[in-house]
Amino acid sequence: MTLRSLPKSSALHRVVALLQPPQSTFPLACATEVFGDHGPEVPARYAFDVCTEHPGPVRTQAGYDLLVTAGLDALERADTVLVPGWQQSPGSEVPPAVIEAVRRAHRRGARIVGICSGAFLLAAAGLLDGRRAATHWAQAAELAARFPEVQVDPAVLYVDHGDVATSAGSAAGMDLCLHLVSADQGAAYALRIARQMVMPPHREGCQLQYAELPTSGPVTDSLAPLLEWLAGRLDQPISVAEMAVRSRVSARTLTRHFTEQLGISPGRWLLDRRIAATRALLEETDLPVETIARRVGLSSAVNLRRRFHEALRTTPAAYRRAFRVDKAG
C-alpha cells in the first residue's frame with residue numbers, strides 16, 4: 001500500500017460516484033455515509049455527488065429508482081472517482097464511453113476507487129494490470145479469469161495503490177473509504193466519522209472469515225464455543241493441542257475445521273486476536289509495551305514488536321503515535 005499525499009487546503013475534496021443500473025444500494029450508501037455530510041459535529045472536507053452514463057432514473061437492485069442528473073462529464077471535476085459496485089449481465093462489456101471517461105479522469109490525477117464488483121470496471125479500463133486487487137470473495141475467480149493481468153487477492157478487505165484502490169464485498173467498501181479518509185485527512189478525522197457511524201475506524205481480519213461456510217458437517221463442529229473460550233484467555237499461552245482437547249477433537253481435525261471455516265490455522269487465528277488486542281490497548285491506553293505484551297499473551301516486548309511488525313509493517317510506537325487520540329482530539 002502507498003498512501004497518497006493530497007494537498008491540505010480549504011477546498012473540498014470532490015468525490016463522484018459513478019452509477020449504473022441495476023445499482024447496488026448498499027455500497028453506494030457506505031460511500032455516502034463516509035464522504036457525505038456529517039452535520040456540525042464533523043467539519044466538511046468532502047463534497048459528494050453521483051453521475052451516470054445516461055442521466056435520468058437509475059434502477060436499483062432494491063426496487064426503486066434514483067434520479068441522477070449528472071452525466072459522465074462530472075468525472076472531469078472529480079478528485080476521487082468511486083464505483084460502488086458494477087453489475088453486468090453475463091457476456092456484456094463496460095460501455096466504451098464509461099471506460100474512456102474513467103481513464104481520462106485517472107490520467108489527469110483523479111483517484112479511482114472500486115467497491116466490491118466495481119473492480120471489474122477498473123480492470124476493464126486497464127487500471128489494475130500488473131497490480132493486486134480486491135473484490136468480493138465470491139467474484140474473485142471470475143475477475144481473475146476475465147482479467148488475467150490482474151493479481152486478484154481473494155483474502156484482503158481492500159488494496160490501496162494510491163492512485164487506484166479496490167475493496168472486497170460491500171461492507172469492506174466502508175473499510176476502504178475510512179482508510180482513504182485517514183490517508184487524506186489523518187486518523188483523528190477518520191475516527192470522528194467512524195464514531196458517528198458507530199463503527200471502528202479499522203476492522204480486523206480478512207474477508208475469508210466472511211466467505212460462505214461449508215454446508216457439510218454436524219452443527220456440533222461449530223468453532224464458536226472454542227473461539228469464545230480463546231478470546232477470554234488471550235493472556236495465557238495456549239497450544240493447538242490444548243485447543244483440540246477443549247474441542248474434543250484431534251489437533252489435525254481442529255486445524256482442518258479452522259482452515260475450512262475461517263481460512264486460517266488455529267495458531268494464526270489466535271495470533272490475529274492477540275494483535276487486535278494489542279492495537280486496542282495501544283489506541284486506548286498509555287500502558288507500556290511490556291505490560292501490553294503480557295496482557296495479550298505475547299510474553300515480552302521483544303516478541304510483541306516482532307509479531308506486530310510482521311502483521312502491520314510498523315512498530316507499536318509508530319502505531320500509537322498515528323492512532324492514539326487524546327480527549328482533545
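Me: Contact means heavy atoms within 4.5 Å. In this predicted model, which residues is Ser170 in contact with, leaving aside its neighbours within four places in sequence?

Reply: Ser170 is found in helix H5, residues 170–185. Its relative accessible area is 18%, and buried means under 20%, so Ser170 is buried. With neighbours within four places set aside, its contacts are Phe26, Pro27, Cys30, Ile115 and Cys116.

Me: How many Å apart in space are Ser170 and Cys116, C-alpha to C-alpha?

Reply: Cys116 sits in the loop between strand S6 (111–115) and H3. In sequence, Ser170 and Cys116 are 54 residues apart. From C-alpha to C-alpha, the separation in space is 5.5 Å.

Me: Is Cys116 buried or exposed?

Reply: The backbone of Cys116 has phi near 55°, a positive value in a residue other than glycine. Buried means under 20% relative accessible area. Cys116 has 10% relative accessibility, so it counts as buried.

Me: Is Arg248 buried or exposed?

Reply: Arg248 also has a positive phi, about 60°, although it is not a glycine. Its place is the loop between H8 and H9. Exposed means over 50% relative accessible area. Arg248 has 78%, so it counts as exposed.

Me: Where is Pro22 found?

Reply: Pro22 is joined to Pro21 by a cis peptide bond. Omega there is about -5°. Pro22 is found in the loop between S1 and helix H1 (25–35).

Me: How many disulfides does the structure hold?

Reply: A disulfide needs two cysteine sulfur atoms within 2.5 Å. By that cut-off, the number in this structure is zero.

Me: Which cysteine has the sulfur nearest to that of Cys30?

Reply: Cys30 is in no disulfide. At 1% relative accessible area, Cys30 is buried. The nearest cysteine sulfur is 7.4 Å away, and it belongs to Cys177.

Me: What is the relative accessibility of Cys177?

Reply: Cys177 is in no disulfide, and its nearest cysteine sulfur is that of Cys30. Cys177 counts as buried. Its relative accessibility is 0%.

Me: How many aromatic pairs are there?

Reply: Rings of Phe, Tyr and Trp pair if their centres lie within 6.5 Å. By this rule, the count is four.

Me: Why is the pair of Phe258 and Trp269 edge-to-face?

Reply: The ring centres of Phe258 and Trp269 are 6.5 Å apart. Planes over 60 degrees apart count as edge-to-face. The planes of this pair stand at 70°, so the pair is edge-to-face.

Me: How many residues apart in sequence are the parts that Phe258 and Trp269 tie together?

Reply: Phe258 lies in helix H9 (residues 251–262). Trp269 lies in helix H10 (residues 266–284). The pair therefore ties together parts whose separation in sequence is eleven residues.

Me: Which residues of helix H7 are buried?

Reply: Helix H7 spans residues 224–231. On the other side of H7, Pro225 and Glu228 are exposed. The buried residues are Leu226, Leu227, Trp229 and Leu230.

Me: Within what arc do the buried residues of H7 fall, seen down its axis?

Reply: These residues line one face of the helix. They do so because, seen down the axis of H7, they fall within an arc of 160°.

Me: Which helices do the buried residues of H7 pack against?

Reply: Leu226 and Trp229 are among the buried residues of H7. The helices they and the other buried residues of H7 pack against are H8 (240–247), H9 and H10.

Me: Which elements give two or more residues to the largest nonpolar core?

Reply: This core has 34 residues. Leu18, Leu75, Val98, Val102, Ile112, Leu121 and Leu128 touch the most other members. The elements giving two or more residues are strand S1 (13–19), strand S5 (80–84), helix H2 (96–107), helix H3 (119–124) and helix H4 (140–146).

Me: How many residues does the second, separate core have?

Reply: In the largest core, Val102 is one of the residues touching the most other members. The second core is separate, and it includes Val42, Leu157, Ala165 and Ala190. Its residue count is 32.

How values were computed: Residues numbered from 1 in each chain as written. Predicted model: local features only at pLDDT ≥ 70, side-chain atom pairs only at ≥ 80, totals over all residues. Heavy atoms only, no water. Phe/Tyr/Trp six-rings, centres within 6.5 Å; stacked < 30°, edge-to-face > 60°. Helix = DSSP H or I, 4+ residues; strand = E, 2+ residues; numbered from the N terminus. Buried < 20%, exposed > 50% of the residue type's maximum accessible area, 1.4 Å probe, protein only. Arc of directions from axis to C-beta. Core = buried A, V, L, I, M, F, W, Y, C linked by side-chain atoms within 4.5 Å.
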